[in-house]
Amino acid sequence: MTQILLKVDKLQVRIGEGAGAIRPVDGVSFSIRRGETFALLGESGCGKSMTALALLRLLPRPGGEITGGSVQLDGEELLALTESGMRSVRGGRIAMIFQEPMTSLNPVMSIGRQISESLEQHKGLRGAAAREQVLELLRAVGIPDVERRYGEYPHQLSGGMKQRVMIAIALAGDPDLLIADEPTTALDVTIQAQVLDVIRDLQRQRGMAVLLITHDLGVVAGMADRVAVMYAGQIVEQAPREQFFAAPQHPYSQKLFAALPESSKRDQRLTVIPGSVPPLNQAFTGCRFADRCHAAWDRCRRETPRWYGSDHEQGVLCHLADPAGATAPRAAEAPVSSPPHAAIQERQGEQLLDVEDLKIWFPIHKGLFKRVVGHVRAVDGVSMSIPRGQALALVGESGCGKTTVGKGILQLLRPTAGSVRFQDVELTQLKGEALRRRRADFQIIFQDPFSSMNPRMSVGDIIEEGMTAQRVGGNAAQRKERIAGLLEQVGLRPEHAKRYPHEFSGGQRQRICIARTLAVNPKLIVCDEPTSALDVSVQAQILNLLQDLQRQLGLSYLFITHDLSVVSYLADRVAVMYLGRIVEEGDVRDVLDKPQHPYTQALLSAVPTIEAGTERKVIRLEGDMPSPSSPPSGCHFHPRCPHAMAVCKEAYPAVTETSGGHTVRCYLYSDAG
Amino acid sequence: MRQMVLLWTDALVFLLVAVVLLFAWYARNKEHLRAPWREVVRSRLAVSSLVVLAAYTVTGLLDSVHFRMALPEAQGQQEVQYSGEVLSLLDELLGPMRTQVEKTYSAPFATHLYTRETITGPDGAPQRVYPRLQYGGAHLEDIGDRNRDILLRSLNAVAQALLATALITLGFAVLLARRWKKPLRVALRAMLGGTSSVPWRTAVITIAVVALIIALLAALSPFYHVLGTDKVGQDVLYQTIKSIRTGLVIGTLTTLVMLPFAVFLGMMAGYFRGWVDDVIQYLYTTLNSIPGVLLIAAAVLMMEVYMSNHPELFETMAERADLRLLFLCLILGITSWTGLCRLLRGETLKLRELDYVEAADAFGVSRLTIMLRHLLPNLLHLVLIAVVLDFSALVLAEAVLSYVGVGVDPTTLSWGNMINRARLEMAREPMVWWSLLAAFTFMFTLVLAANLFSDAVRDAFDPRMRQQR
């Protein structure tokens, strides 16, 4: 038996015809051994998903075509198989799970039926034998109460459960290789940790190989045996995990590490990779990364780099690694220095925003006369304050109500109760024109830069909209000048004002959104996950921009996010939310270094980290977040809490201050405090 | 001397043309507005149907310029008197077709009537014979020469059609060459070789076919009744051509009437929610639950009674018939806005949750501005698809309604009226089939072209279809 399970050699994929044809995979070679985890790492649009689809010959049709190379599974050439031969490979020997568990399951079939369908196809099992096997598989992926779950439908399951079901379906054919395409990107960190655990355990038990496709360095660090970095359709570096994390060779890999926001990089500018991934519909001369590379010299633009290293197991695609070549005239690395702290801080300390016991409930209607039968308590008594020039991060998993808080503060959703005081004006009492006039002071940046701009308006019109509505910026000529200035301020060019949003990349769009909010001179900006739709290298650009703007303009931020690494980089204070309430709040260093609430502790421990070697104990949270329409009695967290006591079930704990400005709502501290 | 007459439908038709031209001028430099249309004209079927639709549209527009001729001056008359008959430019072009009226039915290309008549022979004895037609084939010395005569005239027409096509092609080639800034030869080769992105070759072939048909009709119709004559001896070809305008007016003006209802009510219901939504939903569910034909019949009959009680309101018969046509458009529009309204309400419900609408809200932009600037432009593709798809359905609806007897005025020439009359003709022995065939062919061509074109429009504008490409 050979050690090598899958061998991919110079695989090439083309989509489309003629001059506009895209080559998302251009000469990719790698091999996967039995039982190992091979990670394919790269930003969006670099061709990693296309590689996976090409292995299964599932390219989008018409248009997608494998134009060269070979894919050998156990010595058998997959590209030479007939379509019917391929069908037994798919699911049978290579199985795949996708990023989006919500859309990968058929909503009108029970999950038991969906898994047994796969069993029937690959093993010919039917009836009671199939049912037994399905229950076995559901147990294997860690689904509790399998007998009941067997007959349930996808909408009755949470995201993490659905992804487990997807894994069970993939396992039904007993595959040799599991392709996991961003299996946890759509999930929360605590759920992500659960799902990754499942994959890791199953792999150990079954000796299955895993091809893990991801953009997250943390996930790679926790899972992979070997790593390949993909850039613009090519693998630019391949190495065993330890070696890769200890000393990445390719400048692109090095930059990916440097761009990660961390608390240790606070007060510095994050290293950014300028620009974005080049479009793949062109013929490249020289290195594809040359334009974004800090170490590029003229040879990089002239000559296509060769693969340096031992065969395709380990090596790097870069001229720097050429032992024979003259060493590069090392360009001095861009100095990572912080800009001078010439911040407007004279008025710091004054409270800008004061939220008191904010409640936002959505009524649940039922019956013919739409009687209100209950409420979804999305936000249930949140208090916070933001001083001028400071950033408060609101952290929590999806569904905890953090976005609702943001919209409630901006009065985009009218609160059910509580008060929102902005510069001593009670916003909840304002109506109509009076509220409209105040809106210039508080603005919002949305998560998805693709849906936050009207595709039928030019960038200039988009930025101008707020100015005309708020009557700022003077006459038409002055406004035009201001738009040009704003575009430059966020790192775009004035002539971009005439273009339309679809001509820009995700990062550039987010810049336009920032320019749009700045146009009305806001004092507070609610940033609703502004970087979670962006790649790591682009995320760093946006975070830098936000930090610069804060220092230059003295802005205050309410930073809503689920990404704790971003929190540590940008925020002054952190508030952790669980099921509509803030469970812990304090200075960013206090909370991240000495988390008090069990939920915060679990949240922090679940974040995949790239610091290899430091084996931290991951606190595994069982189950999912309960529904806010019927929260558990007492402390909302007690059903999942490892420290739950009898008193936790009775009443919600009061606020306890553990140290200066660090508050927590938990019985563990209420008596001791 | 002529006196221009502006009928109500004429005014609205020209208003519509003006709106379309204005939009084209506005979209000239807007890439996101032009892109889907460019996609449309890349499809061969669409280009072909566009040529056919253009031929129909030109006919319809020519038929929408109305005037009254001056009567010959009587002795001692001070003021010029105008004829009570309203004519159009098209009537002028068709010339003899309108005036060459036979006694009764005659088959296509016939030289004799379709029915026997008793005439007194030269010997004084009554004879049952098929009499010669007054106009159809009247120029023939020997009736046996008829086929040769038709052939000669046809060949002549073919030559003219080819010449016309060549001239039109050359004209387009010159325009293209100037636009591409390339020599004429290159442009011609790209057009006819099928290498240009717009399928010009298909366009040229369709133009040739249309030109051939027009040339043949123009060459033969002054001498023969190409599609026969009807009961009162009127040329059937003339009637079918005149029916084009009626069909187009119903298809387009109805949408013009319906759009404001559908767009604004749908948008308001989706955006404001609450009681506004309830009222609008109540309105369209109620309207939808009344059978459409019943409502139309009731309204048309009421209108008829009103008009016959007030004959003094109308100066000419044409005005009266026209008002009835307009009224039919109105009532069809009022009964058919509900579908689009419901669709737009749903789409607005989706759009209002989008971030950019919320962003506008956060900027304090007023609700009306949000509706006009953010919602309406993003709904327009749906409106366009619905309008183009509805067009052919409305042309067919006219035929059905006229058949039932609640359609356009009986004096208005329309396909529906023709088909209605054909009911009796088909029952006749020997059967008179040409009226029905003529109406059917012309209507079928128009509806087929409109349907093929609307398919291409939907493919180009539907975002879901765009993703699949």
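Predicted model: local features only at pLDDT ≥ 70, side-chain atom pairs only at ≥ 80, totals over all residues.
Contact here means heavy atoms within 4.5 Å.

L50(B) lies in helix α3 (residues 44-62) of chain B. Once neighbours within four places in sequence are set aside, L50(B) is in contact with V41(B) and F453(B). The C-alpha atoms of L50(B) and V40(B) are 10.0 Å apart, and the two residues are separated by 10 residues in sequence. L50(B) has a relative accessible area of 36% and is therefore partly exposed, because that class lies between under 20% for buried and over 50% for exposed.

**Helices α6 and α8**

Two packed helices are described by the angle between their axes and the distance between the axes. The axes of α6(B) and α8(B) come within 8 Å and cross at roughly 145°. The crossing is right-handed. On the α6(B) side, the contact includes I150(B), R153(B), A161(B) and F172(B); on the α8(B) side, W200(B), I207(B) and L220(B) are among the residues involved. By class, this contact has 17 nonpolar, 3 polar and 1 charged residues.

**Strands β4 and β5**

Strands β4(B) and β5(B) run antiparallel and are joined by 4 bridges. T120(B) stands opposite P126(B) of β5(B). The two strands form a hairpin with 5 residues between them, and G124(B) in the turn has a positive phi of about 90°.

The elements of the last two sections have these residue ranges.

| Element | Range in chain B |
|---|---|
| helix α6(B) | residues 146-180 |
| helix α8(B) | residues 200-220 |
| strand β4(B) | residues 117-120 |
| strand β5(B) | residues 126-129 |

Key: Residues numbered from 1 in each chain as written. Chains lettered and ligands numbered in written order. Heavy atoms only, no water. Axes fitted to C-alpha atoms, helices over the stretch in contact; angles between N-to-C directions. Left-handed = near helix turned anticlockwise from the far one by under 90°. Nonpolar A, V, L, I, M, F, W, Y, C, P; charged D, E, K, R; others polar. Buried < 20%, exposed > 50% of the residue type's maximum accessible area, 1.4 Å probe, protein only. Pairing = 2+ DSSP bridges.
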